[in-house]
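Dear colleague,

Please find below a structure that I am passing on to you for your reference. I would be grateful if you could look through it together with the notes that follow.

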Amino acid sequence: MNILALDLGTSSVRGLVLSGDAQPMPGVLARRKVNLASGDDGTGTLSGPDYRTLLVECLDELAESGQLRDIGLVAISAQWHSVLPLGRDGAPLGPVVTWLDTRPTAAKGAAGPVDPDDFHQRTGCWWHRSYWSMRLPWLRAQSGTSIARFVGLPEYVLGELLEAAPMSISQASGTGLLDLGSLRWDEEALVLAGARPGELPPLWELNWHGRLRSDWARRWPQLAEARWAPPVGDGGASNVGSGCVDPSRAAITVGTSAAVRLMQRIPAGEPMPRLPERLWRYRVDHEHVVTGAAYSSGGNLFAWAQRELRLPAGDELDAALALVPPGGGQPADPRFGGDRAPGVAPAGTGELRGLSFGTTAVDILAGLMQGLCGLVADDLAVLESTIDSPVDVVLGGGAVAASVWWRQAFASTLAPRPVSHQRNPEVGATGAALVAMGRCCDATELADIGRTDELVPPTTTGRPHPQYPS
């Protein structure tokens, strides 16, 4: 049996075919770039119908090239925290509000949780603009018409393709409305969100799988009998794909954005370790949780620098960065997109400091990369306090896969912890497949992990330079 793995990201939609051991088939990748609307006011939205079209194009490409043979399972890694208002006819009433959007605010006079700490421990989240408890009232206030219900991007897209598309436990945990222990909507969170259960997607039941609607099954007969697994939040999927499935290893993933996370096996209903004030906790599935911190900046820092600073490309850039020692570069605050929860800094908080006539574009890029390393290091220390021991670190994601310098900067900043990297850039898709197969325990063995000190400088390899995410 082969596996079709879909990655519903913020910057791109990707479809891959994996072997039964969740290893990507060489050269089998369909990818479409997403048009993300962003602005200085904190806007971070995309079009739901356009996104569905991109996914359909990826599936058409794989089908037409004969790559959808023997597909028995469809696994999905999908962005967390998105929300889309729908009318009574199921049509979108606006764009999808993504994790990047910092505009939602609490209504004047609105009161938060009665006991903020207890709320945080139950839901793993805060009453914050990143979550539906604040986003839904804000969307109602912004809407010029009546909103019938709310879904996330995965539920909207899959609802167009499948016979039914409930919300997975993993995706529900990213809304901030789920009680992580009982796996039911949290009553206080629903009150804060001003939402009744009928206005939210039904929750995906254990062992239930989706099926293509008949019209799409005729379009892709190779997928007619395939089982569609519940979508896994991209952060949880990346941990599994990076081989970081127990408290001995933390995953640092840098794609469009970045995060540091620690995964633990805590089945539903079992007590959870106390959650530090500055960390979140979400569900990977019914058996596992992931705890960590996330940042609005990652590979998008490089995309900005490449566009605005006219950086050299490929091996030329790597050679220039090699002259900047890890820890060097121009002092910088990389929070161009503002803070993610629990921080409240708005978009536009990024800074470049200490500029002189000798400052180069490469110095600025290195400083931004180093700035993110510092943010991650601080939160990793808090994560380690929850298990009372240092951890090994595995770097993953397209941005660090493409940058030797960034990997070595992380290794220097996080020393003396052992730091390695996952060479497979598709950690989200791979991880989602392992979760769908119930094989999280095999993730460490299957991960393609290399030590940072085994790297060969890219200027001597003759290989083409990978594409940074944008």
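This is a predicted model: local features need pLDDT of at least 70, side-chain atom pairs count only at pLDDT 80 or more; totals for chains, interfaces and linings use all residues.

Helix α11 covers residues 361-385 and helix α13 covers residues 404-414; their axes come within 9 Å and cross at roughly 40°. The two helices are therefore oblique to each other, and the crossing of α11 and α13 is right-handed. On the α11 side, the residues that meet α13 are Ala366, Met369, Gln370, Leu372, Cys373, Gly374, Val376, Ala377 and Leu380. Their partners in α13 are Trp405, Trp406, Ala409, Phe410, Thr413 and Leu414. Sorted by class, this contact of α11 with α13 comprises 12 nonpolar and 3 polar residues, with no charged residues.

The second topic is the pair α1 and α4. Helix α1 (residues 48-64) packs against helix α4 (residues 153-161) at an angle of about 60°, and their axes are 10 Å apart. On that basis α1 and α4 are therefore oblique to each other, and α1 passes α4 in a right-handed crossing. From α1, the contact draws on Gly48, Pro49, Tyr51, Arg52, Leu55 and Val56. From α4, Leu153, Tyr156, Val157, Glu160 and Leu161 take part. By class, the contact of α1 with α4 has 8 nonpolar residues, 1 polar residue and 2 charged residues.

With kind regards

Conventions:
Residues are numbered from 1 along each chain as its sequence is written. Side-chain values use heavy atoms; hydrogens and water are left out. Axes are lines fitted to C-alpha atoms, for helices over the stretch in contact, and angles run from 0 to 180 degrees between N-to-C directions. Helices (H or I, at least four residues) and strands (E, at least two) are DSSP runs, numbered from the N terminus. Angles under 35 degrees count as roughly parallel, over 145 as roughly antiparallel, 65 to 115 as roughly perpendicular and the rest as oblique. A crossing is left-handed if the near helix is turned anticlockwise from the far one by less than a right angle, and right-handed if clockwise. Contact means heavy atoms within 4.5 Å. Ala, Val, Leu, Ile, Met, Phe, Trp, Tyr, Cys and Pro count as nonpolar, Asp, Glu, Lys and Arg as charged, and the others, Gly among them, as polar.
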